[in-house]
Amino acid sequence: GCFSCPTSDDYSAECVENITPPWPICLLHTTDFWVDKAMDSATRCCGDDLSECKCPKKDTRKFLDRIDDYCDGVATCAEDDKKKLIAEEINENSFVSEK
């Protein structure tokens with residue numbers, strides 16, 4: 001309802017839980033937006049090299065404690081995203097072959 005964050009059947013619960021910001025910030029955009037944003041930031045903030053990570057709190061204990069779970073969640077999003085793209089390609093190709 002009004003007090004819950006957006007969700008999407010295109011992504012696993014693990015993905016959505018890990019990348020969606022807390023309510024009410026989550027209401028500002030769709031799940032697709034948050035997934036894209038998370039995958040973009042993960043390229044800079046996941047792994048050992050955080051020099052490109054733009055998070056102002058990247059040196060704090062709280063960030064370091066949580067980033068691994070976040071990155072694992074983003075990894076599941078990337079898998080879901082691949083499945084979604086493959087499904088879209090299959091759909092597009094099936095329309096083409098029917099003509």
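Predicted model: local features only at pLDDT ≥ 70, side-chain atom pairs only at ≥ 80, totals over all residues.
Helices α1 (13-19) and α3 (61-98) each supply at least two residues of a negative patch, and α3 gives the most, with three residues.

**Negative patch**
- Glu 14, Glu 17, Asp 68, Asp 69 and Asp 72 gather on the surface as a patch of negative charge.
- Glu 14 is found in helix α1 and is partly exposed, with a relative accessible area of 41%.

**Nonpolar core**
- Ten residues make up the largest nonpolar core, including Tyr 11, Trp 34, Val 74 and Cys 77.
- The elements giving two or more residues to this core are α1, α2 (31-45) and α3.
- Helix α2 provides the largest share of this core, four residues.

- The structure holds six salt bridges.
- In one of them, the side chains of Lys 84 and Asp 32 meet at 3.1 Å, N to O.
- Lys 84 lies in helix α3 and Asp 32 in helix α2, so this pair ties together parts that are 52 residues apart in sequence.
- Lys 84 counts as buried at 17% relative accessibility, whereas Asp 32 counts as partly exposed at 31%.
- Asp 10, Asp 32 and Lys 84 are linked in a network of salt bridges.

**Salt bridges within a helix**
- Asp 40 pairs with Arg 44 in a salt bridge, with the closest N and O atoms 3.4 Å apart.
- Both residues, Asp 40 and Arg 44, lie in helix α2, four residues or about one turn apart.
- Arg 44 is buried, at 17% relative accessible area, while Asp 40 is partly exposed at 40%.
- Arg 61 and Asp 65 form a salt bridge at 3.2 Å, N to O, and are four residues apart in helix α3.

Terms used
Residues numbered from 1 in each chain as written. Heavy atoms only, no water. Patch = residues over 30% accessible without salt bridge, like charges linked within 9 Å, V, L, I, M, F, W, Y side chains within 5 Å. Areas by Shrake-Rupley, 256 points an atom, 1.4 Å probe, with all protein chains shown as cover. Salt bridge = Lys/Arg side-chain N within 4 Å of Asp/Glu carboxyl O. Lys, Arg positive; Asp, Glu negative; His and termini not counted. Charge placed at Lys NZ, Arg CZ, Asp CG, Glu CD. Buried < 20%, exposed > 50% of the residue type's maximum accessible area, 1.4 Å probe, protein only. Core = buried A, V, L, I, M, F, W, Y, C linked by side-chain atoms within 4.5 Å.
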